[in-house]
Amino acid sequence: MAGFDKYFLMKAQDAADYATGKLKFFEAGADLETKEIGDGNLNYIFRVVDRKSGKSVVIKQAGSTARISEDFVLSLDRNRIENDILKLEGELAPGFVPKVYAYDPIMNCCAMEDLSDHLIMRGALLQRKKYPLFADHISTFMANTLLLTCDAVMDHKKKKALVGSFINPDLCEITEDLVYTEPFNDLKKRNDLFAPNKDFFEKELYGDDALRLEAAKLKFDFFQNAQCLIHGDLHTGSVFVRPDSTKVIDPEFAYYGPAGYDVGNVLANLVFAWINADTTIAEPAAQADYTSWLEETIAQSLDLFKQKWRALWDKAVTEPTAKYPGFAEWYFDGILRDTAGVTGLELCRRTVGLAKVKDIAGIENPAQRTRAERVAISLAKRCIFERDLIRSGEDYLRLLAWAAAKHPRAK
Ligand code: SR1
Ligand code: MG
């Protein structure tokens with residue numbers, strides 16, 4: 001058995017040995033079964049279960065390159081960032097993240113609560129499951145984690161220290177490239193355009209200078225706006241759900257950035273589920289039923305976030321100048337503007353970029369996929385261009401209905 005005193009990339013048996021020998025998580029004689037269950041783009045995730053007692057643990061280990069492509073060489077320090085932010089989020093938004101049991105800076109792994117009684121939300125939405133508490137849960141998570149880490153609330157020196165400890169250059173660079181740059185110019189030739197939509201993307205994305213300019217402005221917000229501690233990758237693949245529980249995972253992209261980045265990611269990824277349902281559910285009553293539930297969830301995720309943010313602001317703000325009349329409205333308006341812009345960017349990058357989503361790329365019928373991608377891009381562009389005006393759940397639903405009607409479903 002390895003001593004785990006020098007970093008190496010573990011295989012399933014190593015993870016079992018690690019859980020017993022190093023973590024002392026299991027009794028000697030435990031009957032362990034270990035599987036590598038990671039389906040994300042970056043890391044290796046092992047689930048170790050004792051068949052006798054049912055006790056289990058998840059071990060997440062960072063490798064030095066991304067799983068999706070060796071093009072991405074990444075600091076192993078992202079595992080420390082993930083451990084630290086999960087602990088902090090657990091304090092700020094109790095119950096909405098997995099418990100972390102241990103962090104190991106040598107093996108660059110952390111051990112955490114096994115959430116196998118939950119499902120990854122993206123897959124669950126594609127199975128047309130409903131989560132009536134999700135909007136309430138995610139809006140609480142976002143209001144608490146985003147507002148309580150910003151300058152309006154925190155002691156400014158402590159906030160600056162947090163900014164320092166969450167400097168995350170490699171992971172930020174991925175976002176800067178994949179979200180803000182490549183969808184609009186394919187600078188690194190990593191985009192993968194669905195052939196029937198090639199001309200459409202070339203005209204609507206690469207050929208639209210006004211759009212590229214807006215994406216550039218938003219990119220500088222991401223570079224420069226150390227507003228609050230964001231999750232940094234809050235899509236439906238980073239959320240585990242059960243009807244009564246929501247757990248946000250995978251915060252390794254965390255850094256001090258614009259709050260709207262998280263909110264926009266949530267909205268865009270719910271929109272992807274909506275576009276999939278609207279495009280592929282054949283039976284009209286089932287389609288209407290599921291898309292209506294998603295519409296409610298999209299609108300409530302934003303509108304409840306707005307209400308909770310405002311209520312928490314009144315209770316938690318400590319910075320005296322942030323209490324001046326009108327300041328809260330000005331500050332929050334900026335977050336809503338960023339939210340709309342990021343919703344649009346996320347819709348673009350997950351449609352044409354390297355890291356796609358199953359909701360769209362998994363649509364097998366070519367005519368349906370063509371339509372779904374066009375709906376996403378048409379909506380995205382309005383979100384980006386009209387970000388100064390889009391402020392409510394209803395605004396998003398109106399634009400979504402417009403984009404869907406612009407590209408009718410194939411008969
Ligand atoms: C190279 S990583 C590609 C994407 O996967 C992660 O989940 C992030 O969304 C990133 O942009
Ligand atoms: Mg992830």
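Reader: How far is an oxygen atom of ligand 1 from an N or O atom in the side chain of Asn41?

Author: The distance from the ligand 1 oxygen to the Asn41 side-chain atom is 2.7 Å. This is a predicted model, in which local features need pLDDT of at least 70 and side-chain atom pairs pLDDT 80 or more, while totals for chains, interfaces and linings use all residues. Residues are numbered from 1 along each chain, chains are lettered from A and ligands numbered from 1 as written, and side-chain values use heavy atoms, without hydrogens or water.

Asp233 also places a side-chain N or O atom 2.7 Å from a ligand 1 oxygen, and for a polar side-chain atom of Arg349 the distance is 2.8 Å; a polar contact is a pair of N or O atoms within 3.5 Å. Alone, ligand 1 exposes 320 Å², of which the protein buries 94% (Shrake-Rupley method, 1.4 Å probe).

The residues around ligand 1 (a heavy atom within 4 Å) include Leu42, Phe72, His235 and Arg350. This shell comprises 7 nonpolar, 2 polar and 3 charged residues. Domain 1 (12-112) and domain 2 (119-406) each supply at least three of its residues; the bounds come from an automatic or database assignment.

Conventions. Polar contact = N/O pair within 3.5 Å; in protein donor to acceptor, adjacent residues only side chain to side chain. Nonpolar A, V, L, I, M, F, W, Y, C, P; charged D, E, K, R; others polar.
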